[in-house]
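Visitor: I would like to learn how to read the place where two chains meet. Please take it step by step.

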There are 2 protein chains.
Amino acid sequence: MEGKPRPRASAREAMAGMDRLIALSLVGQHDIAQRLGLNITDLTCLGHILGAADDPLTAGELAELAGLTTGAVTGVLNRLEQAGYARRQADPGDRRRVRVVADPTAAERVSAVYEPFYGRLAGLFADYTPDEVGVLADWFTRATDLMRSSLEEIRRGSGR
Amino acid sequence: MEGKPRPRASAREAMAGMDRLIALSLVGQHDIAQRLGLNITDLTCLGHILGAADDPLTAGELAELAGLTTGAVTGVLNRLEQAGYARRQADPGDRRRVRVVADPTAAERVSAVYEPFYGRLAGLFADYTPDEVGVLADWFTRATDLMRSSLEEIRRGSGR
DNA sequence: CTAATTATCTTAGATGCTAAGGAGAATGCG
DNA sequence: CGCATTCTCCTTAGCATCTAAGATAATTAG
């Protein structure tokens, strides 16, 4: 199968493109959060909560994932409960722990706001061959792993 | 030229991968900003300032780009000047305007902190064929355009 | 049982945002 | 020109949300 010809690009150009995309998506996240009546921290946390739906996060795990103190997470959870996106659930095995479960409607409410982006993105992917989509997905996975490890290193480096 | 075989993936899987990458890069930006002695807003603004080095932004343009009020930008510029990353420059043609120019060393100081990420990312790209890098760069560009237009639409939609 | 540890919440203080308005500079119109 | 309007940035007051430190309650180790 022959895909359309894509313009050649250097790694440097590709990285610059990635940079712009990430910078822009940051602004985008802010706007989406606003539409959901949340701030960007709360939206990020809600993302983690939805992502771990099958094994609910504890408040502390959420703090770690989001790079927040547990005190800040207390505020996040209060707001998310208030807005009906998630709620605290007692951990049966350890009563100090708080499990955070998403409201059943949360995923849907969030998706609805992301829809304009996702619909168009799906359209964009449709313009690439399955092999090309494979390359993209592969790259995302590896870039994520790489970023995660670089991040841990940078955190250790600064003594955090 | 035959690249390594990449696992096939659906557009949905690719989007999920992209989501994770974006979420993580948000945390990463936060950490990088901290290492530069800045907050994430200031770093974002500094990015815009560096990106427009050939035609310096005005304070108002920066506010628009970053999605901030002009009052907030005053604070951003104070902090960036204080930290030596940028300075205000009088606009000869319109004395109401403030042009924001990056300090000559700013780009280098920022790059130094990004280096662990960039070095590894460059290594990652080296593992892809030029055609594959072309696909990635192409996708980044198009995804960025698409996100920009979706964003404008979402902003109009919410009456902003 | 007691001491130490762990997980979350509370509080105080700092930071950085918005909204509203002010000051100075540019522009337009009689 | 003269004066009102508009524009650009800054200032202020008030608010939201973060961190750091410590309190509280539950668990674990000795």
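Visitor: Which residues of α1(A) meet α1(B)?

Guide: In this predicted model, A:Ile22, A:Ser25, A:Leu26 and A:Gln29 meet B:Ile22, B:Ser25, B:Leu26 and B:Gln29. Contact means heavy atoms within 4.5 Å, and helices are DSSP runs (H or I, at least four residues) numbered from the N terminus. The residues of this contact divide into four nonpolar, four polar and no charged. Ala, Val, Leu, Ile, Met, Phe, Trp, Tyr, Cys and Pro count as nonpolar, Asp, Glu, Lys and Arg as charged, and the others, Gly among them, as polar.

Visitor: At what angle do the two helices pack?

Guide: Two packed helices are described by the angle between their axes and the distance between the axes. Here α1 (residues 11-35) of chain A and α1 (residues 11-35) of chain B pack at about 95°, with axes 10 Å apart. Axes are lines fitted to C-alpha atoms over the stretch in contact, and angles run from 0 to 180 degrees between N-to-C directions. The two helices are therefore roughly perpendicular, a term for angles of 65 to 115 degrees.

Visitor: How many salt bridges are there between chain A and chain B?

Guide: The count is six, each a side-chain nitrogen of Lys or Arg within 4 Å of a carboxyl oxygen of Asp or Glu. B:Asp131 forms a salt bridge with A:Arg8, with the closest N and O atoms 2.9 Å apart.

Guide: Residues are numbered from 1 along each chain as its sequence is written, and chains are lettered from A in the order in which they are written. Local features need pLDDT of at least 70, side-chain atom pairs count only at pLDDT 80 or more, and totals for interfaces use all residues.

Definitions and conventions. Heavy atoms only, no water. Parallel < 35°, antiparallel > 145°, perpendicular 65-115°, else oblique.
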